[in-house]
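Trainee: I have a structure open and would like to learn how to read it. Can we go through it feature by feature?

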Amino acid sequence: MSSRHLVKFNTKQPTTVNSLLTPLQTWTLLDTWIVVIGALAAMACALPGCFLLLRKQSLMGDAISHTSLLGVVGAFFVSHWLVEAKVISPTTELSVRHVAMCVGAIVVGVLSAWLTESLQKLGNVESSAALGVVFTSLFALGLLLIRAFADNVHIDLDCVLYGEIVTAPMETVGKSGVPRAVIVNGFVLLINLLLTILLFKELRLSAFDPALATTLGIPAQTMHYGLMGLTAMTLVAAFESVGSILVIAMLIIPPATAYLLTDRLPRMIGLSLLIGAISAALGHVSALTLPPLISRSIGIADVQDASSAGMMAAAAGFLFVLAMLLGPRYGLAVRVWHRLLLKLRIASEDVLGQLYRMEETAPRVIADADSSDVRQRTSWHRYITTHSWKSRIATWLLMRRGWLTGSHSDARLTDIGREAARTLVRSHRLWESFLAKHFLLGEGRFHESAEQVEHFLDPELLAELDHDLDRPGVDPHGRAIPK
Amino acid sequence: MSASALLADDSLWELFSRAISLRDYNTRVVLAGTTMLGISGGLVGAFLILRKRALAADVVSHAALPGIALAFLLAERFSPGSGRSTGVLLLGAFVTGLLGMAMTLAIRSWTRIKDDAALAVVLGLFFGVGTALFTVVQKTKTGNVAGLRDFVFGKTASLVAADVWLIGGISVAVIVLCGGVFKELSLLCFDEEFAAARGYRTTMLDGLLTLMAVTVTLIGLQSVGLLLVVALLLIPPTAARFWTNDLKIMSILAAVIGGVSCAGGVVLSSSFPRLAAGAVIVLTGSVLFLVSLVFGKERGLFPRWRSQRQFEQRIGRSDLLRACYELLEPILGSDETTPESLTIYEIDALVLSVTRQWPRGRFHGLIATAVRDGLLVLSSKDGYHLTLRGAEEARDAVRRHRLWEIYLLTQTDLDPRLVDRGADGIEHVLDPDQLAELERRLGGESPHGVPPSPHPIGASGT
């Protein structure tokens with residue numbers, strides 16, 4: 001089935017591109033606001049996320065995002081009770097509830113961090129198990145309360161979990177037309193940014209070296225619970241507008257991506273902010289464009305779009321995978337490429353050494369030129385057919401570089417090639433002599449070690465070896481060491 | 001609205017009794033199947049937490065979400081109407097669940113991002129993709145998500161018998177398998193290198209354990225919901241850990257706790273239909289966890305607190321008796337301190353209390369305990385006599401203290417002024433064999449007698 005559709009796509013490419021872009025032609029101010037809200041929430045989350053990641057507490061965010069449900073439920077109860085008790089009027093209930101939700105989430109967030117830590121200390125429970133026990137229990141309690149008293153409070157569970165980022169822009173503040181979610185998330189981002197800048201030194205030190213931080217008088221406990229409270233506040237502010245799923249993803253994925261790209265903390269924080277914002281934009285665009293494509297390709301009735309929050313999280317994950325594969329320093333591709341280059345260098349040097357030794361054993365005596373020629377050709381043939389593809393690629397590369405001449409089945413060293421080969425064989429035999437002088441090894445072992453070390457000896461080291469061995473003429477096997 | 005209002009419901013007692021007496025076929029099946037699930041969860045979880053990998057189950061359950069949605073979409077595409085079959089959905093969940101685990105492993109071994117962050121990244125990514133796919137499902141014509149949503153929040157009570165047979169069957173298979181490779185798994189958890197040296201294929205065993213964990217997680221999705229299923233594998237073994245240090249007992253106990261919390265959750269939630277079954281199951285487990293945390297025999301808080309207290313009491317008692325002896329010694333002369341002669345003189349409580357500067361409350365507590373235990377008797381308003389038993393114990397305490405002091409003085413370069421304090425800590429933990437050895441080494445001046453103090457008593461208590 002997939003191949004059939006692949007063919008269809010290939011033949012009708014222009015239409016595919018068109019259908020990809022069609023949804024974007026209806027881009028409105030609403031879409032812009034969605035991206036702005038998503039980006040603000042993602043950036044607000046990324047700031048505490050960087051420090052959680054460095055403190056090896058990444059799962060704390062996930063845990064707090066679950067447990068804060070309990071705080072949210074508690075806030076509903078409190079505000080409802082206040083209305084019942086006629087302390088506040090129903091009209092002000094909404095704003096009271098927002099404040100109460102924030103406070104409740106912070107309290108429960110710090111509480112779950114504290115419970116986890118005391119379980120770990122008092123009960124000798126391993127940290128991740130303690131975290132798991134606490135967050136599942138508190139979340140289950142929250143769920144239970146919602147279900148048991150659902151008549152009185154209208155909490156849409158789906159809304160808490162998935163958020164309604166699509167409708168978030170509709171609720172605006174006054175006549176300005178600016179969505180409330182923008183203000184809330186922007187405010188939280190501002191607070192996080194200010195705190196990060198003001199406490200940068202303390203945060204950095206306690207993340208990298210808690211022991212040193214404590215000796216320098218930075219209160220580790222306060223920093224820990226402060227960070228937890230800040231995380232909880234950020235999460236709950238973002239919850240309403242973008243849902244917990246986006247929050248869980250944005251807390252750790254952008255910082256982790258940034259961590260793959262740089263070694264410097266300020267740069268990591270900057271990058272994670274950028275990545276969070278890009279993910280939001282990318283996520284919303286792909287939420288509009290991808291689903292119609294997918295749904296059509298698997299032949300199900302037309303689907304216009306997917307959850308933007310989900311796609312933003314997916315986009316962040318996509319960027320992470322990109323960084324993991326293509327990152328400039330720690331990317332897998334770079335590391336594989338470097339390893340390949342090293343393997344090829346070693347293979348080329350082995351080829352050079354092999355040819356040099358063949359010339360040695362079959363010296364071109366003029367009288368017997370033909371037979372020595374034949375002998376060398378056959379032994380080269382044997383070498384190149386018994387060795388791996390790496391040697392073949394290496395031979396080809398060496399010919400292009402002009403270090404070898406002849407054909408693939410009958411390769412010969414050029415003068416430059418012979419010079420390089422001589423250095424290599426010299427390294428090999430000097431190292432063998434060095435081993436023979438200083439180590440009591442069986443004769444067979446010299447060769448194995450030299451076969452590896454020969455590729456990594458630099459000129460200074462060679463000179464040093466030569467000096468140490470009093471400029472030897474022959475190696476332990478009795479073969480001449482080339483000058 | 002409160003619990004009492006809930007109970008006022010007429011049909012409630014009826015529901016509860018039906019659930020308890022297992023009158024419904026469906027309740028019986030659900031109870032049996034879910035209990036099996038709890039048992040297998042506890043059993044597999046016991047090994048998982050020993051390998052410090054308990055939270056991996058959380059990642060698996062979140063990673064299952066896109067698989068469920070994809071399986072639904074694909075199944076609907078090929079044969080409309082089959083999308084809600086539990087088998088198909090679980091298969092999809094299995095594929096992406098394993099994919100999530102594989103990605104965690106890849107991130108952990110190929111990048112510089114370590115354990116917890118790798119879990120968090122994979123969790124966020126898969127859950128995001130899953131959420132997006134779910135909204136796609138929701139918007140297809142056939143995709144009424146209600147059936148799929150049960151996977152997120154769990155819906156034990158409304159499980160149909162066919163699903164439960166599947167869940168129960170797989171659970172039993174996991175339990176049997178776990179029992180079959182019990183020895184190998186225990187070795188893997190405690191000493192991986194040793195297991196490898198003994199010729200066990202540790203990688204395969206590890207893979208098997210992971211596979212079992214993934215399986216239990218996925219079959220638990222429908223009952224408990226993906227947000228809480230990790231609790232099935234996490235809470236029972238963590239609770240069992242408080243009771244024992246023996247892996248065999250621990251895993252059996254974990255299985256029992258898992259089974260009980262699942263059974264309890266099913267019974268409770270089928271009698272109170274408003275309670276979410278998954279949450280009730282988890283909370284039942286949490287209650288058992290709390291009980292274990294407090295009362296667990298091996299690591300529980302209460303037993304540990306009690307043994308700590310008992311030890312402190314023993315120390316206080318022997319300190320008190322030693323103080324009595326040291327008050328009487330100058331009166332009697334150090335050669336005349338036989339148990340009988342020690343009982344003759346009265347000890348003034350005020351004098352006694354200042355010898356070691358006990359806090360007032362502590363001192364009165366010590367005296368009261370000693371009187372209750374028959375070591376001291378009240379003879380006048382503020383005067384006490386040692387009983388014969390008290391006198392013998394006092395001699396023992398002093399002997400232990402002085403032997404160690406003499407040992408420290410003769411065998412170490414310790415400053416003589418520190419000797420008394422050094423002995424204070426050690427005297428309480430010397431056992432009879434060590435005492436005999438000490439006496440032998442010190443030349444056995446006074447076997448079973450009390451040696452004279454190597455320093456003036458006035459210096460004691462500093």
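Trainee: What percentage of the residues of chain A count as buried?

Mentor: Start with the rule. A residue is buried if 20 or more other C-beta atoms lie within 10 Å of its own, exposed if 12 or fewer, and partly exposed in between, with C-beta atoms placed from the backbone. In chain A, 41% of the 483 residues count as buried. Keep in mind that this is a predicted model: local features need pLDDT of at least 70, side-chain atom pairs count only at pLDDT 80 or more, and totals for chains, interfaces and linings use all residues. Residues are numbered from 1 along each chain as its sequence is written, while chains are lettered from A and ligands numbered from 1 in the order in which they are written.

Trainee: How many helices and strands are there in chain A?

Mentor: Helices (H or I, at least four residues) and strands (E, at least two) are DSSP runs, numbered from the N terminus. Chain A has 19 helices and 2 strands.

Trainee: What share of the contacts in chain A joins residues 24 or more positions apart?

Mentor: Two residues are in contact if their C-beta atoms, placed from the backbone, lie within 7 Å. Take the contacts in chain A with a separation of 6 or more: 72% of them are between residues 24 or more positions apart.

Trainee: Which residues have the most contacts inside the largest nonpolar core?

Mentor: A nonpolar core is a set of buried Ala, Val, Leu, Ile, Met, Phe, Trp, Tyr and Cys residues joined through C-beta atoms within 7 Å. The largest one here has 211 residues, and Met250(A), Val121(B) and Val122(B) have the most contacts inside it. Helix 11 (residues 220–261) of chain A gives this core its largest share, 25 residues. Another core, of 21 residues, lies apart from it; Cys324(B) and Tyr384(B) are among them.

Trainee: Which residues is Val122(B) in contact with?

Mentor: Leave aside its neighbours within four places in sequence. Val122(B) then contacts Val59(B), Ala63(B), Gly100(B), Met103(B), Thr104(B) and Ile107(B).

Trainee: How many residues does the contact take from chain B and from chain A?

Mentor: Chain B supplies 52 residues and chain A supplies 58. On the side of chain B that touches chain A, helix 6 of chain B gives the most, with 16 residues. That side divides into 35 nonpolar, 8 polar and 9 charged residues. Here Ala, Val, Leu, Ile, Met, Phe, Trp, Tyr, Cys and Pro count as nonpolar, Asp, Glu, Lys and Arg as charged, and the others, Gly among them, as polar.

Trainee: What is the strand order of the open sheet in chain B?

Mentor: Two strands pair if DSSP finds at least two bridges between them. The open sheet of 3 strands has the order 1-3-2 in chain B, with antiparallel pairing. Strand 1 and strand 2 of chain B stand at the edges with a single partner strand each, so one side of each has no neighbour in the sheet. Strand 1 (residues 347–348) of chain B is joined to strand 3 by 2 bridges, and Ile347(B) stands opposite Tyr384(B). Strand 2 (residues 376–378) of chain B pairs with strand 3 over 3 bridges, with Val377(B) opposite His385(B). A hairpin through 4 residues joins strand 2 of chain B to strand 3 of chain B.

Trainee: Where is Asn124(A) found, and is it buried or exposed?

Mentor: Most residues other than glycine have a negative phi. Asn124(A) is not a glycine, yet its phi is positive, about 55°. Asn124(A) sits in the loop between helix 5 (90–122) and helix 6 (127–148) of chain A. Asn124(A) counts as exposed because it has 12 C-beta neighbours inside 10 Å.

Trainee: How far apart are the C-alpha centres of domain 1 and domain 2 of chain B?

Mentor: Domain bounds come from an automatic or database domain assignment. Chain B is divided into domain 1 (12–296) and domain 2 (305–459). Their C-alpha centres lie 59 Å apart.
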